[in-house]
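Here is a guided look at one protein chain. Keep the structure open beside the text as you read.

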Amino acid sequence: MAEHLTIRSLHGTAALRRADRLLREVWGTSCGEDPPMPLDLMCAFAHTGGYVGGAFLDGELVGVSAGFLAAGRTLHSHVAGVSALARGRGVGRALKEHQRAWAAERELVAVSWTFDPLVRRNAYFNLTLLGARVTAYLPDFYGPMSDGINDGGPSDRLFVTWPTRESTPAPAGGEEGAVAVDETGAVPAGADGPLLRCATPPDIEALRTADPHAAGQWRTALAGGLGGALGRGYEVTGFTRSGWYLLARGGAA
């Protein structure tokens, strides 16, 4: 039997409380930890013209995303989460497409958001499947976070934008280029060729639990390799299935 997926804006205290519970479930937020988004803030967004969207699979809420209007006539998507039971069913992409359409209807020019550059599956989804564009590497953007997923360490993020009107083909996913960060997290000195690539660990979330020291080394290495390259004028041109950021000086092919 085919599943029926619908996305719609959420309004009203009851719906937003359910959204809050789902986000807490996705993040694994326990008592005393900060929720991914406070319920009162989500209510304020929904009431004052911000975006709060819900994904329903056969009538059951399985995904939530919320954001606010930002500078430059953009929508900033602050949080998005999909139930573990609904992953791999196109829910995340449907939520992002709904956000983009919602923003376009209001004549906004782009949707922006941040993500942890070490989480490989998110980088592939955002950069390769959606075709969002990296605009900045933000060291410790949110400060220490204790929300059930993040480990309380520095919260480095990539800031990306996704235009609402123009076509955004997915970046190339080739493996060419010099190595800026290798599989061990080392950063070769003077890596400054026309093409660079930066590795990511297979599962940083598991590594943070199993070996926090190694996870911290990966964060430091990626901050130096990827963040350093962006600061020197490189642009991210793609992300491969095997977990490499591809960069080019000035965004050249």
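## Terms and ground rules

Contact here means heavy atoms within 4.5 Å. Helices (H or I, at least four residues) and strands (E, at least two) are DSSP runs, numbered from the N terminus.

This is a predicted model, in which local features need pLDDT of at least 70 and side-chain atom pairs count only at pLDDT 80 or more, while totals for chains, interfaces and linings use all residues. Residues are numbered from 1 along each chain as its sequence is written, and side-chain values use heavy atoms, with hydrogens and water left out.

## The chain as a whole

The protein chain holds six helices and eleven strands. Of its 253 residues, 45% count as buried, that is, under 20% relative accessible area, against over 50% for exposed and partly exposed in between (1.4 Å probe, protein chains only). Among contacts in the protein chain with a separation of 6 or more, 63% come from residues 24 or more positions apart.

## The seven-stranded sheet

Let's turn to the sheet. Seven strands form an open sheet with mixed pairing, in the order β1-β2-β3-β4-β5-β7-β6; two strands pair if DSSP finds at least two bridges between them. At the edges are β1 (5-9) and β6 (133-138), each pairing on one side only. From one strand to the next, the twist averages 25°, with axes taken as lines fitted to C-alpha atoms, for helices over the stretch in contact, and angles running from 0 to 180 degrees between N-to-C directions.

## Strand β4 and its neighbours

How many of the nine residues of strand β4 (residues 74-82) are buried? Seven are, so β4 is largely enclosed by the rest of the structure. On one side, β4 pairs with strand β3 (residues 60-70) in the antiparallel sense over eight bridges, and Gly63 has Val82 of β4 as its bridge partner. The hairpin of β3 and β4 has three residues between the strands, and there Gly72 takes a positive phi near 75°.

β4 also runs parallel to strand β5 (residues 110-115), joined by three bridges, with Leu75 opposite Val111 in β5. Together with helix α3 (residues 91-105), β4 and β5 make a right-handed β-α-β unit: with the strands pointing away from the viewer, the path from the first strand over the helix to the second runs clockwise. α3 lies across β1, β2 (51-57), β3, β4, β5 and β7, at about 160° to β4.

In helix α4 (residues 120-129), the buried residues are Arg120, Ala123, Tyr124, Asn126, Leu127 and Thr128. Their cover includes β5, β6, β7, β10 (234-239) and β11 (244-249). Just after α4 comes Gly131, with a positive phi of about 85°.

Helix α6 (residues 212-231) has 20 residues and reaches 27 Å from its first C-alpha to its last, close to the expected 28 Å, a span defined as 1.5 Å times one less than the number of residues. Its buried residues include Trp218, Leu222, Leu226 and Leu230. Gly233, which follows α6, has a positive phi near 100°.

## Cysteines

With a disulfide taken as a pair of cysteine sulfur atoms within 2.5 Å, the count comes to zero. Cys198 is buried, with a relative accessible area of 0%, whereas Cys43 is partly exposed at 24%.
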